[in-house]
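Work through the exercises below with the sequence and the coordinates open beside you. Try each task before reading its solution.

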Amino acid sequence: MNTALVRKRLVIGNWKMHGTQASNAMLLTGLCAGVAVVHDCDLAVCVPFPYLGQVSASLHGSGISWGAQDVSKHEQGAFTGEVSSSMLTDFGCRWVLVGHSERRTLHGETDTLVAEKALAALKAGITPVVCVGETLAEQEAGRTNEVIQRQLAPVLALGADSVAKMVIAYEPVWAIGTGLTATPEQAQEVHAFIRAQLSELGVPQVRILYGGSVKASNALSLFAMSDIDGALVGGASLVTEEFLRIAAA
Ligand code: PGA
């Protein structure tokens, strides 16, 4: 089976901690109006928790799906400030980012916790988008593969049935929000490394997104790579036209 043929492109916007009800309304209206230019691509946005209601109401029936940027590993209980996967299901979330580098760095999320969060999402029927990526220092020390392998290990240990329902996002930390993008060849090399591990587990069809300063101007060359199945887009997902052009690339 040629798995490249069965891996539909996926472009997810990560709004991070941006937005107001008014600015979201403009962005969402623009996306709904422009989504017809996007073909053969699953399009989604991952938004701050308070806006999930707004997003589900605005995107309902548009063909664009939505999700959150984090989830608790717990199902419910005395965990002040946490949001459970069943709450996300309640808002129609299809996706949740787990292990974004900003959560790993700023909130001390470990590889194990990221895997636990991915499992919590799966149990609620939500697709976890597991983010991995090396820092500049790790890249310069030639440790990229070792870091990716370490980050993925507890996730892959959940087993083929679970991993088959996930998406992996490779986001080199040095390329996030910096304007620096990995070259398509650099990104492809890491994606191929991740693909090899997925293949070894028996799930080569899992989609692998690239993230880190993706823009309309570089999306096409990234998407031309055989193991890049789409993008996780930060800054550019806040600009309607730019985000749609990436998805249409
Ligand atoms: P960026 O962010 O596109 O702004 O670099 C990507 C991300 O952090 O998911």
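The model is predicted, so local features need pLDDT of at least 70 and side-chain atom pairs count only at pLDDT 80 or more, while totals for chains, interfaces and linings use all residues. Residues are numbered from 1 along each chain as its sequence is written, and side-chain values use heavy atoms, with hydrogens and water left out.

**Exercise 1.** Determine which way the residues of strand 6 point, and which strands pair with strand 6.

*Solution.* Begin with the element itself: strand 6 covers residues 167–170, where helices (H or I, at least four residues) and strands (E, at least two) are DSSP runs numbered from the N terminus. V167 and A169 point one way and I168 and Y170 the other way, and all are buried, that is, under 20% relative accessible area with a 1.4 Å probe and protein chains only, whereas exposed means over 50% and partly exposed lies in between. In a regular strand the side chains alternate between the two faces of the sheet. Next, look for partners, given that two strands pair if DSSP finds at least two bridges between them. Strand 5 (residues 127–132) runs parallel to strand 6 and is joined to it by four bridges, with V129 opposite V167. Strand 7 (residues 207–211) also pairs with strand 6 in the parallel sense over four bridges, and here I168 stands opposite I208.

**Exercise 2.** Follow the chain from strand 7 to strand 8 and assign the handedness of the crossover.

**Exercise 3.** Classify the packing of helix 2 (residues 21–34) against helix 3 (residues 52–59).

*Solution.* The two axes, lines fitted to C-alpha atoms over the stretch in contact with angles from 0 to 180 degrees between N-to-C directions, come within 10 Å and cross at roughly 25 degrees. Helix 2 is therefore roughly parallel to helix 3, as angles under 35 degrees count as such. The contact (heavy atoms within 4.5 Å) involves residues including L28 and C32 of helix 2 and V55 and L59 of helix 3.

Methods. Angles under 35 degrees count as roughly parallel, over 145 as roughly antiparallel, 65 to 115 as roughly perpendicular and the rest as oblique. A crossover is right-handed if, with the strands pointing away from the viewer, the path from the first strand over the helix to the second runs clockwise.
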